[in-house]
Amino acid sequence: ESIFIGLILTATSVSISAQTLMELGFLRSKEGLTLLGAAVVDDVLGILLLALFVALAGGGSGGALGIIWIAARIALFLALGTLLAFRLLPHLTSRVERLPMSESLMTWVVVVTLFFAWAAEALGGVAAVTGAFLVGVAFSRTSYHQAITGRMHSIAYALFVPIFFVHVGLQADARTLGLDSLPLVLTIIVVAVLSKIIGCGLGALAGGMTPMQALRVGIGMISRGEVGLIIANVGLGAAIIDEAIMSVVVIMVLATTLVTPPLLRAVFASGSQEVAITTK
């Protein structure tokens with residue numbers, strides 16, 4: 001359970017930071033582009049770790065042979081899934097798109113996404129989000145990328161995202177928290193903030209950034225947002241964490257989402273001239 005909480009804290013939702021930097025006019029600065037790139041890598045690593053963790057937690061009681069079988073299932077699913085998604089999917093998508101039916105492309109995208117999500121759990125023994133993510137990466141490499149992105153954004157925010165957040169809200173029961181949980185809540189919030197500032201800041205310093213630029217990158221990576229909630233929800237469904245921890249995670253996500261924009265505005269305002277020069 002403790003390790004899984006650490007896995008939740010590795011998540012990053014850069015959408016809050018990106019929106020803030022866009023409003024400030026610094027999205028295309030060195031720090032802004034670094035944040036966007038780091039968030040993509042962070043998501044990929046987080047989903048891979050989540051898939052491995054859920055698989056081990058769900059069937060890792062068979063000793064060495066059990067772990068080998070889990071690893072083989074994951075490897076087989078990723079190999080077959082990657083082959084189908086990157087080789088066969090583009091050709092099938094082009095054929096489906098030409099069918100004389102209404103919204104054939106988006107119907108195909110939704111069906112394939114749900115199928116890969118099912119296959120990830122049923123065949124690979126990993127989290128369903130792994131299969132959906134794999135399909136998303138495959139579709140992003142096709143010529144239909146822009147069309148799918150625009151329409152999927154409408155479907156997601158009109159239907160799936162509200163349902164997801166309602167589901168998370170129903171799972172997070174604040175009544176499970178008492179005064180004895182306050183130290184845990186405060187500790188996780190502090191660790192959530194400092195781990196990104198220190199960890200990502202040190203990485204930025206190692207990449208040749210100045211201390212102020214590294215601080216901006218670290219602060220920009222604080223927000224956990226929906227990514228942290230997705231990982232926590234998978235852990236709750238797999239009985240890795242309980243409702244009390246889920247409530248703590250929701251509070252942590254809200255706290256990190258709220259503190260990121262004002263902290264970003266403060267650190268960018270203190271060196272706006274420097275950022276403007278590097279942007280140009």
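**Helix contacts and pockets in a predicted model**

Biologist: Which residue forms a salt bridge with Glu23?

Modeller: In this salt bridge (side-chain nitrogen of Lys or Arg within 4 Å of a carboxyl oxygen of Asp or Glu), the closest N and O atoms are 2.6 Å apart. This is a predicted model, in which local features need pLDDT of at least 70 and side-chain atom pairs count only at pLDDT 80 or more, whereas totals for chains, interfaces and linings use all residues. Residues are numbered from 1 along each chain as its sequence is written, and side-chain values use heavy atoms, leaving out hydrogens and water. The partner of Glu23 is Arg265.

Biologist: How many residues apart in sequence are the parts that Glu23 and Arg265 tie together?

Modeller: Glu23 belongs to helix H2 and Arg265 to helix H11 (helices are DSSP runs of H or I, at least four residues, numbered from the N terminus). The pair therefore joins parts whose separation in residues is 242.

Biologist: Which class of residue supplies seven members of the contact of H10 with H11?

Modeller: The axes of H10 (residues 225–237) and H11 (residues 243–269) come within 9 Å and cross at roughly 175 degrees, which means that H10 is roughly antiparallel to H11 (over 145 degrees). The contact (heavy atoms within 4.5 Å) includes Gly228, Leu229 and Ala232 of H10 and Met246, Val249 and Val250 of H11. Four of its residues are polar and one is charged, while seven are nonpolar.

Biologist: Which helix gives the most to the lining of the largest pocket?

Modeller: About 2500 Å³ of space lies in this pocket, and 49 residues line it, with Val129, Phe133, Ala156, Glu226 and Ile230 nearest its centre. The lining comprises 33 nonpolar, 12 polar and four charged residues. Helices H2, H3, H5, H6, H7 and H10 each supply at least two lining residues. The greatest contribution, 13 residues, comes from H7.

Biologist: How many residues does H4 give to the lining of the second largest pocket?

Modeller: The second largest pocket holds about 210 Å³ of space, and its lining of 13 residues has Leu76, Phe77, Leu80, Gly81 and Leu123 nearest the centre. By class, this lining has 10 nonpolar, two polar and one charged residues. H4 gives the most, and its number of residues is eight.

Biologist: How many salt bridges are found in the whole structure?

Modeller: The pair of Glu23 and Arg265 is a salt bridge. A search of the whole structure gives a total of four.

Conventions. Axes are lines fitted to C-alpha atoms, for helices over the stretch in contact, and angles run from 0 to 180 degrees between N-to-C directions. Angles under 35 degrees count as roughly parallel, over 145 as roughly antiparallel, 65 to 115 as roughly perpendicular and the rest as oblique. Ala, Val, Leu, Ile, Met, Phe, Trp, Tyr, Cys and Pro count as nonpolar, Asp, Glu, Lys and Arg as charged, and the others, Gly among them, as polar. On a 1 Å grid over the protein atoms alone, a cavity is a set of points where a 1.4 Å probe fits but cannot get out, and a pocket is an open set with protein on both sides within 12 Å along at least five of seven lines; lining residues have an atom within 4 Å of a point. Grid points are joined across faces, edges and corners, and a volume is the space filled by probe spheres set on the points.
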